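Please look over the model below before reading on.

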Number of protein chains: 2
Amino acid sequence: MTLTPIGMAAGAKRAIDAKTKPIESLGRLEEIAVRLAVIQKSLTPSIQWARVCVFGADHGVADAGVSAYPKAVTAEMMKNFNGGGAAINVLARANGVEVETIDAGVDADLSALENVRHEKVRHGSRNFLEGEAMTADELTAALAVGARAVRRALADDVRALGVGEMGIGNTTAAAALLAAYTGRSPSETVGRGTGVSSDGLANKRAVVERAVALHCGRDARSARECLRRLGGLEIAAIAGATIAAAQTPLALVADGFISTVGVLAGLRILADEDVGALGALRPAVFIAHRSTEAGHSLAIDAVGEALRSDVRPLLDLRMRLGEGTGAALAIPLLRSAALVLCDMATFASAEISAGEHGGEHSLE
Amino acid sequence: MTLTPIGMAAGAKRAIDAKTKPIESLGRLEEIAVRLAVIQKSLTPSIQWARVCVFGADHGVADAGVSAYPKAVTAEMMKNFNGGGAAINVLARANGVEVETIDAGVDADLSALENVRHEKVRHGSRNFLEGEAMTADELTAALAVGARAVRRALADDVRALGVGEMGIGNTTAAAALLAAYTGRSPSETVGRGTGVSSDGLANKRAVVERAVALHCGRDARSARECLRRLGGLEIAAIAGATIAAAQTPLALVADGFISTVGVLAGLRILADEDVGALGALRPAVFIAHRSTEAGHSLAIDAVGEALRSDVRPLLDLRMRLGEGTGAALAIPLLRSAALVLCDMATFASAEISAGEHGGEHSLE
């Protein structure tokens, strides 16, 4: 018998309530378990394999002095990912999570890096102060980079996929895109990123204001068109991964500010083009953590609004690194939640006396 | 050269700042890493082995109808821990954490359980509505149960030790002890525990009020004496583990309401008897999560006050199960933090360009 999502959720809730613990005493872990049951269409969901994809790309807008780091750092960090020494490598190893590093558009020749997947769409997006960040074909190609990452993950039995990013200048692109999608002021969406000075922050806000005025103006444009004009190639890849994750058994774990905006872009495109797929993502999208980057809470709220669901972050550790580091830390919570359904004894199986409220559950 | 704790903290901070990430971008993970360096006296701290001890005991006060579950459930749950089917077993396995189940005073013969450590002090503490919960000798014995758990952990190279508990009636004992220690009203310290009804809650508050009036009255008693009169044997064991953890390389991870009150009892005893040891625990005590049990935030604040430090919980997942389940979920964050210091590349080693603020750090 195939259960509807609502039937599956109710079945999972009943199964959890029969476990040897007071009703709802595992809090959000129980909600996660129910969501995993729904997306995996199984009362015994499992996250044996988990992965974080780190999409790297450069940004023409980095030439406008919006980052505390020089543009060369994108390629240097890709080498660091390749060698396994970056924070995401270390935190993923610590938490039983694989890392897949993907060059979606770094402005350097990385072909010698053996642990990087080479899917470069172009050598960095164009400076959106001077034109559109991508052509329509380039956007399509970048979305496909993310879609392929989802297909590889599914082929490898991955059930939790974190989406992370690396790209000097990408908090600027994400802030511009978030302002375009929400209509909020750049003063709310722009933060210090990797740590620009106060002067740098003022410049970054001015840059984002000009970009939004130039590209998305007062007439609303489609979600796809905003992404093409303002997005980065790694942000578009994350949007593509989000779109591709719909109607699959994958839990999609957004990381910090940039990746959450990437997920938002994917959801907004689906809202324009395929609301059925958008609905299917409701239980599947998790926000790993609340970053201290200024616009993240706004981005989280926008994701919640797009999904019409409560997407409170799982962790709040005052991080703001990106790379997928928050996702690597949050994935063990998903794995743990799945195992509550799979492995815990029931009141009946363990022959434990029922509580005041447990009677109707413990005898099933 | 032996560094002072302050020197070690400064050295760890410098080492973290040299890693390939913007300064402080790993947020609380960096603070954790510094604390682990201080307690392990090493710039490369490691949590290869982690354990949760689940101390079980019964409570005479359970006869006063303070729990949603019958007293027999304590022993039944010990059997469940023994069989590996309880939430703590499942969540510990999911997170690479060992479980050690310890009978500190369950009111049943558990000698047939092979995966339980038999350290029963007596068959449950006495009903503190009718007398003192323990004799002085019994308190000493219960504290020693916890101290032995710490010694075993150290002998096994454990570096993160979660303290969990099982005992029908123990939120009542913990609420009484917390009221005695803080002078706060039972209306603030008593919650629903495993889930008593509203009538049950009113009864539970009345019970705690009578107990505090009977035993700790207006004249302040010593922390040790309050624990003897109101504590449970598992709560005393947790207090003993806390005391024994001082001046060792162990990170002590409190779980929910009851275990946090047990840790508080240990800290209060040290405040009376050995302030040097209390100071040594400042970097070593972690609160795994914020439970929804009513008194937990108050207990956390009291721990912070005793340690004169910020002890904000690592997780907030609306859990209230106990058993050490929150500790099992939080320990991967400690393990991850340690690996940031041990395994991450530096700007120098990875040949990455410094940022605006990173110059002075990246060249070390």
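What rotation superposes chain B on chain A? In this predicted model, the answer is a rotation of 180°, with 0.0 Å of shift along its axis and an RMSD of 0.0 Å. That is the relation of a two-fold axis. In general, two copies of a chain are related by a rotation about an axis and a shift along it. Leu315(B) is the residue of chain B that comes closest to the rotation axis, with its C-alpha at 3.2 Å. The copies meet through the same surface, because 100% of the interface residues of chain B are also interface residues in chain A.

Consider chain A as a whole. Its secondary structure consists of 16 helices and six strands. The radius of gyration is 21 Å, close to the 21 Å that the globule rule gives for 364 residues, so chain A is as compact as a globular protein of that length. The C-alpha trace spans about 70 × 45 × 40 Å along the principal axes of the chain. Of the 364 residues, 63% count as buried. Among contacts between residues at least 6 apart in sequence, 77% join residues at least 24 apart.

Is Leu250(A) buried or exposed? Its relative accessibility is 0%, so Leu250(A) counts as buried. Leaving aside neighbours within four places in sequence, Leu250(A) is in contact with residues including Ile39(A), Val150(A), Leu154(A), Val158(A) and Ala284(A). Leu143(A), 107 residues away along the chain, has its C-alpha 17 Å from that of Leu250(A).

In chain B, helix H4 (residues 87-94) is mostly covered, with seven of its eight residues buried. Among the buried residues are Ala87(B), Ile88(B) and Leu91(B). What covers the buried residues of H4(B)? Both chains contribute: the cover includes helix H2 (28-40) and helix H14 (325-343) of chain A, together with strand E1 (49-57), helix H3 (72-83), strand E2 (98-105) and H14 of chain B. Just after H4(B), Gly96(B) takes a positive phi of about 65°.

At 1% relative accessibility, Thr325(B) is counted as buried. Not counting residues up to four places away in sequence, Thr325(B) touches Ala87(B), Ile88(B) and Leu91(B), among others, and also Leu26(A).

With neighbours within four places in sequence left aside, Ala299(B) is in contact with Leu178(B), Phe257(B), Thr260(B) and Val261(B). Gly256(B) is 43 residues from Ala299(B) in sequence, and the two C-alpha atoms are 9.4 Å apart.

Terms used. Residues are numbered from 1 along each chain as its sequence is written. Chains are lettered from A and ligands numbered from 1 in the order in which they are written. This is a predicted model: local features need pLDDT of at least 70, side-chain atom pairs count only at pLDDT 80 or more; totals for chains, interfaces and linings use all residues. Side-chain values use heavy atoms; hydrogens and water are left out. Helices (H or I, at least four residues) and strands (E, at least two) are DSSP runs, numbered from the N terminus. The radius of gyration is taken over C-alpha atoms; the globule rule is 2.2 Å times the number of residues to the power 0.38. Buried means under 20% relative accessible area, exposed over 50%, partly exposed in between (1.4 Å probe, protein chains only). Contact means heavy atoms within 4.5 Å. Copies are superposed by least squares on the C-alpha atoms of residues with pLDDT of at least 70 in both.
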